Amino acid sequence: MSSFEILCVTMHQNDFAKIQEMNIHSDVVFANQCDHTSYDEYEFEGYTAKMISTETRGVGINRNLALSYASADICLLADDDVNYHDDMAARVVAEFEAHPKADVIIFHLETDDQIRKQPKYNETKKWTRFKGLPWGTFRVAIKLESVKKANAWFTPLFGGGAIFPSGEDSMFLLSLRKAGLNFYVSKETIGSVSFETSTWFTGRDEKYFYARGVFYKAARPKTTYLWMLYFALKIKKTELTFSQKMRWMRYGIDGYRKMKSFEEYKNFRRVLF
């Protein structure tokens, strides 16, 4: 049977309380952003929890840190606001063993947030390379060997704590897809996730569309404007008009070129004009 491990990014942890909070029953690596540097281990239920605490900032950097300490055949990427079903580990491993060609499998988690509700699939199936990648990192399980062979890592420019606070998950998945890894989506629900304490999502506002412009410029440089047009037409639950949505995505393109966060870019425009 394949070995299994959770790779979880978290902040300001002083102990292993997240094991109980997240209902973890497997090996786990915590990459902990805090104000000191240390390495700790904790044995529970026959499993091992590792806590790598550093003063680094940026979720992408800390996901890379968790990947660096990973050792299991199958790894589930995680945020610390997830609560897992008791048999989650067995479900994840069973899906990989039932689909041996899969390098990446996307699982379902329940949420009560209607705006950010996660897609649910009725069957486990291969996901073709021509379709989009509408998933957060907390849904993603990987074969560690496949990711290592692809030499794929999270960008330090995107994600909570970075200059651009969202998009690191999609950038990572795109790098895996470009490396030729096989994606599957799973019918299995493995837990629930809360979006109450998001560090970046404040609604479908100016900041939201600015971030999409940044992302499309970085991830889709040859088709940036086509993706922007598609996104502006697709997203309707917003107070912004179509022209405002496009304008803020164009600002995102400029902000990416200038390496300015949303807040810095707003101040920059005030000074400029």
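Colleague: Is H5 largely enclosed or largely open, and why?
Modeller: This is a predicted model, and in it eight of the 11 residues of H5 are buried, so the helix is largely enclosed by the rest of the structure.

Colleague: Which residues are buried in H5?
Modeller: Glu168, Asp169, Ser170, Met171, Phe172, Leu173, Leu174 and Leu176.

Colleague: And what follows H5?
Modeller: Gly180 does, and its phi is positive, near 90°.

Colleague: OK, how do H5 and H6 pack?
Modeller: H5 covers residues 168–178 and H6 covers 206–219; they pack at an angle of about 20°, with their axes 11 Å apart. Angles under 35 degrees count as roughly parallel, and therefore that's what we call H5 and H6. The crossing of H5 past H6 is right-handed.

Colleague: Which residues make that contact between H5 and H6?
Modeller: From H5 you have Ser170, Met171, Leu174 and Lys178, and from H6 there's Phe215, Ala218 and Ala219. Sorted by class, the H5 contact with H6 has five nonpolar residues, one polar and one charged.

Colleague: Next pair, then. At what angle do H7 and H8 cross?
Modeller: Roughly 145°, and the axes of H7 (residues 224–234) and H8 (residues 242–258) come within 10 Å. H7 passes H8 in a right-handed crossing.

Colleague: What meets what there, in H7 and H8?
Modeller: On the H7 side it's Thr224, Tyr225, Met228, Leu229, Phe231, Ala232 and Leu233, and they meet Phe242, Lys245, Met246, Met249, Arg250 and Ile253 of H8. That contact of H7 with H8 divides into 10 nonpolar residues, one polar and two charged.

Colleague: Switching to cores: in the largest nonpolar core, which residues touch the most other members?
Modeller: Of its 31 residues, those are Phe4, Ile6, Ile24, Phe30, Tyr84 and Val92. Several elements supply at least two residues each, including strands S1 (4–11), S2 (27–33) and S10 (183–193). Helix H3 gives the most to this core, with five residues.

Colleague: Where's the other core, and which residues are in it?
Modeller: It lies apart from the largest one and has 29 residues, among them Val29, Ile52, Val147 and Leu173. You've met Leu173 already, as one of the buried residues of H5.

Technical notes:
Residues numbered from 1 in each chain as written. Predicted model: local features only at pLDDT ≥ 70, side-chain atom pairs only at ≥ 80, totals over all residues. Heavy atoms only, no water. Axes fitted to C-alpha atoms, helices over the stretch in contact; angles between N-to-C directions. Helix = DSSP H or I, 4+ residues; strand = E, 2+ residues; numbered from the N terminus. Parallel < 35°, antiparallel > 145°, perpendicular 65-115°, else oblique. Left-handed = near helix turned anticlockwise from the far one by under 90°. Contact = heavy atoms within 4.5 Å. Nonpolar A, V, L, I, M, F, W, Y, C, P; charged D, E, K, R; others polar. Buried < 20%, exposed > 50% of the residue type's maximum accessible area, 1.4 Å probe, protein only. Core = buried A, V, L, I, M, F, W, Y, C linked by side-chain atoms within 4.5 Å.
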